[in-house]
Protein chains: 2
Amino acid sequence: MKTLLKNAKILVIDKNISVINGSIVIENNRITHLGKAIPKFRFDKIINCKQNLLMPGFKNTHAHTPMTFLRGYATSGQLQEWLFETVFPAEDILIEQSEDIEILTKLGILEYLKSGITLAFDMYYAPKYIAKAAKELGFRSVILGTIQGERQSPEEVKADFDEFNNYDSLVSYKLGFHAEYTCGPDILVPLSKVVNELKTPVFTHLSETEHETNDCLKREGKRPPKHLIDLGLFNYGGGGFHCVTFNDEDMALFKKHQLSMITCPGSNSKLASGTPNLRKALDLGINVSLGTDGPASNDALDFFYEMRLLSVVQNLRAKTPNTLSHEEILRIATINGARTLNMNDLSDLSVGKIADIIMIDLHAPNMLPLNNIPYQIVYAASKDNILMTMIDGKILYYKNRFNVGENVNHIYKKAQQITDKIKKKLKKN
Amino acid sequence: MKTLLKNAKILVIDKNISVINGSIVIENNRITHLGKAIPKFRFDKIINCKQNLLMPGFKNTHAHTPMTFLRGYATSGQLQEWLFETVFPAEDILIEQSEDIEILTKLGILEYLKSGITLAFDMYYAPKYIAKAAKELGFRSVILGTIQGERQSPEEVKADFDEFNNYDSLVSYKLGFHAEYTCGPDILVPLSKVVNELKTPVFTHLSETEHETNDCLKREGKRPPKHLIDLGLFNYGGGGFHCVTFNDEDMALFKKHQLSMITCPGSNSKLASGTPNLRKALDLGINVSLGTDGPASNDALDFFYEMRLLSVVQNLRAKTPNTLSHEEILRIATINGARTLNMNDLSDLSVGKIADIIMIDLHAPNMLPLNNIPYQIVYAASKDNILMTMIDGKILYYKNRFNVGENVNHIYKKAQQITDKIKKKLKKN
């Protein structure tokens with residue numbers, strides 16, 4: 001399979017970020033040529049990009065995709081109350097009927113494809129159904145084990161680690177647990193044993209609110225990052241989701257252990273959790289990547305919104321415009337995500353890399369005039385500018401049409417039915 | 001001309017906000033029937049809405065639409081530096097060639113139509129070309145005179161007031177001046193005379209930053225709202241754009257004089273100006289409406305972004321989720337805008353009102369499942385869900401196609417040429 005994306009502008013993310021004119025050749029799932037010279041192949045597919053922009057797909061490095069059923073449902077409360085009183089009871093019902101997770105994940109994947117997200121680092125239960133959804137639609141999924149109380153154990157995630165790292169080329173699996181405030185030593189000590197046996201990274205919700213940070217200090221006598229590091233959980237890397245309350249000590253530890261901070265501005269600002277000091281994190285050389293979090297706390301899974309919001313909440317925090325540069329924000333949304341996951345093959349658009357590519361319409365009123373294309377992607381572009389989403393060399397979305405081998409209206413309808421069923425059960429309880 | 005929008009969900013903004021099933025009949029430019037019963041007319045146009053949502057168009061109550069040429073251009077600096085060093089010199093060149101304002105406005109109007117904005121309260125120079133652009137494309141424009149130094153005088157805006165309030169049913173004109181920090185008593189005293197002669201509201205940039213508020217205190221011995229009220233400028237109503245630094249005293253004055261606060265979260269957070277206390281303003285009963293500000297400080301003219309951002313920056317400011325309710329935000333984006341402008345005919349969807357209506361796709365992955373439609377419009381919807389934009393009973397945008405009587409590619413091309421020309425001149429200077 002040889003595909004030619006010709007007559008394009010191409011976003012090059014190197015030491016600097018620039019835009020060049022040229023074409024991209026994809027053989028099977030990899031970029032084999034990029035630039036002005038096009039080899040004389042007989043192409044199976046040729047797309048004329050008409051001077052629109054090709055760039056790497058967005059890497060959503062914190063997601064709970066199956067939580068689409070809670071979009072617009074869990075509408076109130078500060079994090080702890082919202083989580084324990086609204087989210088967990090609804091999830092308990094879903095997990096009983098875990099095959100429903102397939103459809104709810106598929107709904108989220110369709111939303112990703114429309115907004116240029118080509119990978120989700122998906123923290124949820126029942127990995128079997130997340131993996132099935134990703135494989136069937138052709139989406140790239142990195143599933144994160146999620147130990148929490150009765151929901152999954154260190155033994156289970158160890159077995160899942162083997163199973164889902166050998167399931168499909170689009171699917172992989174990493175070790176994770178919900179949070180230090182929902183997992184005691186009965187979970188974390190055996191989990192650390194698994195981590196050090198497999199020599200593998202770990203990810204978790206971390207330092208999301210002042211409340212949880214203070215609780216950990218009281219309970220453990222340490223701040224959350226130190227608590228987990230001392231347990232040996234981060235001996236082989238990984239990272240934390242949110243990291244809102246990180247202070248200098250937390251950041252120094254993250255730098256020392258080469259851990260990633262995954263920031264979720266949409267969720268953190270909606271739940272009023274706060275804004276981390278990412279200027280400091282970047283200056284220290286910590287890898288920072290971006291996540292939408294789940295639709296229960298964010299409602300929309302939209303990296304254009306997340307990028308702009310990331311920028312402006314950092315500005316408000318620091319009382320300084322351009323606290324992060326637009327180049328930093330583009331990196332955070334793309335190649336830094338690949339670095340978080342140690343998936344260097346997915347980072348930028350260059351020869352040898354896997355073809356997870358999106359095309360952005362530069363002939364739309366919100367993108368014109370063209371003054372500074374990389375800057376305008378961060379501050380002016382939106383989902384409606386996504387013309388194409390390609391994953392693993394396959395075009396899954398093109399000019400408002402899905403090409404996922406399934407009737408999307410069926411997915412919409414089933415997702416509504418599943419949601420209505422869960423709500424009915426919740427009312428009974 | 002009789003139009004039927006049938007088989008719809010309709011957002012009703014009453015004491016509460018609700019969604020009903022039904023149809024809307026439009027005769028010429030007004031809604032004449034709304035509900036389940038459809039009169040037996042011979043309709044000129046029938047649209048089957050297929051259970052998608054009809055709601056009032058968004059009212060953009062602070063805009064500088066012709067500044068599209070500065071999108072992605074003026075990329076740095078805090079407000080004062082950004083304004084005087086980047087924006088004003090570029091504008092000086094544009095104003096010399098003021099017929100170019102027509103195309104730059106048209107570009108912005110196309111962006112509005114794609115994102116469901118049906119009215120812009122447009123503060124800029126050369127009203128002739130803004131009015132021409134609005135009339136020719138069928139867009140609703142309320143032009144705001146903009147006195148500032150050599151750019152327009154109280155006599156000119158008085159003449160413009162007469163001319164553009166008698167120009168076209170889609171166009172109207174109000175009195176305004178740039179800001180108290182760019183207009184001294186030589187401008188404001190004669191302007192106040194005009195205001196009190198015409199007995200008409202006035203609008204201005206107000207209390208946007210701490211810096212300008214402190215300067216006014218030093219210079220005038222009063223905070224900006226009191227300074228302007230004492231000059232008699234607000235004797236017949238009006239309002240302020242931004243109002244970021246408003247304290248209790250400022251709000252009490254705005255309440256007493258029935259003035260509107262027009263908030264611009266996108267611009268205020270990008271420029272790191274801050275976040276006003278809108279919880280307090282709403283509790284006092286002050287009318288609050290929403291604006292994008294211009295593309296120089298905001299880059300995208302997108303009310304979905306503004307609504308979500310409005311919500312979350314208020315949450316971060318108050319450290320409380322749901323500081324504003326989703327109903328309040330929907331009002332701020334729609335009917336409160338009509339109130340700011342005293343244009344009650346444009347407020348909600350009810351019989352007798354002018355048909356400025358948008359249709360939102362409820363069959364898209366980011367909008368499903370439907371749990372709470374009004375909530376999901378604020379937190380999940382985006383521009384790509386806009387199926388239709390109708391202004392004054394005419395459909396100007398429908399399913400990704402413009403119907404504005406002009407070749408939009410021509411507008412795109414001309415806007416780029418104008419921008420390139422201005423940048424070339426700027427480099428020479």
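Trainee: Which strands of chain A does helix α3 (residues 127-137) lie across?

Mentor: This is a predicted model. In it, α3 of chain A lies across β7 (117-123), β8 (140-144) and β9 (171-179) of chain A. Its direction is at about 170 degrees to β8(A).

Trainee: Which strands does α4(A) lie across?

Mentor: α4(A) lies across β8 and β9 of chain A, and runs at about 160 degrees to β9(A).

Trainee: What is the order of the strands in the open sheet of chain A?

Mentor: Eight strands form the sheet, in the order β6-β7-β8-β9-β10-β11-β12-β13, and the pairing is parallel. β6 (58-63) and β13 (288-290) of chain A each have a single partner strand, so one side of each is left without a neighbour in the sheet. On average, neighbouring strands are turned by 25 degrees against each other, direction ignored.

Trainee: How many bridges join β11 to β12 in chain A?

Mentor: Three bridges join β11 (residues 238-242) to β12 (residues 260-263), and these strands run parallel. One pairing to look up is A:G240, whose bridge partner in β12(A) is A:M261.

Trainee: What describes two packed helices?

Mentor: The angle between their axes and the distance between the axes. Take helix α4 (residues 154-164) and helix α5 (residues 185-198) of chain A: the angle is about 25 degrees, and the axes are 9 Å apart. Angles under 35 degrees count as roughly parallel, so α4(A) is roughly parallel to α5(A). Their crossing is right-handed.

Trainee: Which residues meet in that packing of α4(A) and α5(A)?

Mentor: From α4(A), A:P154, A:K158 and A:F161 meet A:I187, A:P190, A:L191, A:V194 and A:L198 of α5(A). By class, this contact of α4(A) with α5(A) has seven nonpolar, no polar and one charged residues.

Trainee: At what angle do the axes of α2(B) and α16(B) cross?

Mentor: At roughly 125 degrees, with the axes coming within 9 Å. The two helices are therefore oblique to each other. α2(B) passes α16(B) in a left-handed crossing. Among the residues that meet are B:I103, B:L104 and B:L107 in α2(B) and B:I411, B:A415 and B:I418 in α16(B). The contact of α2(B) with α16(B) divides into eight nonpolar, no polar and three charged residues.

Trainee: How many residues does the contact take from chain B and from chain A?

Mentor: It takes 51 residues from chain B and 51 residues from chain A. On the side of chain B that touches chain A, α2 (100-114) and α16 (408-428) are among the helices that each supply at least two residues. α12(B) gives the most to that side, with seven residues. The residues of that side of chain B divide into 22 nonpolar, 19 polar and 10 charged.

Definitions and conventions:
Residues are numbered from 1 along each chain as its sequence is written. Chains are lettered from A and ligands numbered from 1 in the order in which they are written. This is a predicted model: local features need pLDDT of at least 70, side-chain atom pairs count only at pLDDT 80 or more; totals for chains, interfaces and linings use all residues. Axes are lines fitted to C-alpha atoms, for helices over the stretch in contact, and angles run from 0 to 180 degrees between N-to-C directions. Helices (H or I, at least four residues) and strands (E, at least two) are DSSP runs, numbered from the N terminus. Angles under 35 degrees count as roughly parallel, over 145 as roughly antiparallel, 65 to 115 as roughly perpendicular and the rest as oblique. A crossing is left-handed if the near helix is turned anticlockwise from the far one by less than a right angle, and right-handed if clockwise. Two residues are in contact if their C-beta atoms, placed from the backbone, lie within 7 Å. Ala, Val, Leu, Ile, Met, Phe, Trp, Tyr, Cys and Pro count as nonpolar, Asp, Glu, Lys and Arg as charged, and the others, Gly among them, as polar. Two strands pair if DSSP finds at least two bridges between them.
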